[in-house]
Amino acid sequence: MSLHLPLFAAANALFGSARPDAPRLLGLDEAFAGVDDTGRGELMALAKQFDLDLFMTGYDLWATHPTVRGAAHYDLSHSTVEHTVSTLLLVWDGSVNVADFDGTLARALGSPETRRAPGSADQIDPSELVLDLAGE
């Protein structure tokens, strides 16, 4: 918890000098690792107090705290037998987790239902593709 408090305060101060319509998004990898459930709830309340939107990754990470008005959560499941990873969208509405088994909820939230850009591969001009392995 002692690491997250200054981070949230610094983000709040930085975002306070931004335009009012600027995003207040903070990304946390392995968010709240080692923080108990009570501490997680307190940190979520602090994020709400500072009006921060959190993009988090982590093991056993849920945003289902009373202070959180809403959250979208993708639960990942890896199959070593099938060599696949499947996802399930769960949406927290402030009181209940709703599972999206058929894609209805994802569509309602604006999902394009594909990881590909609109259009097909045959519409891409290969001369417009640039592969920059040197990072230049």
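**Group meeting talk: a walk through the predicted model**

Okay, let's start with Arg-24, which sits in the loop between H1 and S1. Helices here are DSSP runs of H or I with at least four residues, strands are runs of E with at least two, and both are numbered from the N terminus. Before going on, two quick notes. This is a predicted model, where local features need pLDDT of at least 70 and side-chain atom pairs count only at pLDDT 80 or more, while totals for chains, interfaces and linings use all residues. Numbering runs from 1 along each chain as its sequence is written, and side-chain values use heavy atoms, with hydrogens and water left out.

Now the overall layout. The protein has three helices and five strands, and from the N terminus the order is α-β-α-β-β-β-β-α. Of the 136 residues, 23% are buried; buried means under 20% relative accessible area, exposed means over 50%, and partly exposed is in between, with a 1.4 Å probe and protein chains only.

Back to Arg-24. Is Arg-24 buried or exposed? Arg-24 counts as buried, because its relative accessibility is 16%. Its side chain meets that of Asp-51 in a salt bridge, at 4.0 Å from N to O. The rule for a salt bridge is a side-chain nitrogen of Lys or Arg within 4 Å of a carboxyl oxygen of Asp or Glu. Arg-24 is in the loop between helix H1 (4–16) and strand S1 (25–28), and Asp-51 is in the loop between H2 and S2, so the pair ties together parts that are 27 residues apart in sequence. Arg-24 also comes up with Asp-53: those two are 29 residues apart in sequence, with 5.8 Å between their C-alpha atoms.

How many salt bridges does the rule give? The count is two. The other pair to look at is Asp-21 with Arg-19, where the closest N and O atoms are 2.7 Å apart. Both of those residues are exposed, whereas Arg-24 is buried.

Next, backbone angles. Most residues other than glycine have a negative phi. Glu-30 lies in the loop between S1 and H2, and it counts as partly exposed because its relative accessibility is 46%.

Let's move over to helix H1 for a moment, which is where you'll find Phe-8. Phe-8 is at 0% relative accessibility, so it counts as buried. Phe-8 and Leu-52 are 44 residues apart in sequence, but their C-alpha atoms are 8.2 Å apart in space.

Now for the pocket. On a 1 Å grid over the protein atoms alone, a pocket is an open set of points with protein on both sides within 12 Å along at least five of seven lines, while a cavity is a set where a 1.4 Å probe fits but cannot get out; lining residues have an atom within 4 Å of a point. The largest pocket has a volume of about 1,100 Å³, where volume is the space filled by probe spheres set on the points, and points are joined across faces, edges and corners. There are 32 residues in its lining, and Leu-54, Met-56, Ala-63, Ala-71 and Ala-72 lie nearest the centre. The elements giving two or more residues to that lining are helix H2 (37–49), strand S2 (53–56), strand S3 (71–79) and strand S4 (84–92).

Which element gives the most to the lining of the largest pocket? That's S3, with six residues. By class, the lining of the largest pocket has 18 nonpolar, seven polar and seven charged residues. For the classes, Ala, Val, Leu, Ile, Met, Phe, Trp, Tyr, Cys and Pro are nonpolar, Asp, Glu, Lys and Arg are charged, and the others, Gly among them, are polar.

As for cavities, the structure holds one of 30 Å³ or more. The largest cavity has about 40 Å³ of space, and its lining is Trp-62, Ala-63, Thr-64, Ala-71, His-73, Trp-92 and Asn-97. That makes four nonpolar, three polar and no charged residues.

Tyr-74 counts as partly exposed because its relative accessibility is 48%.
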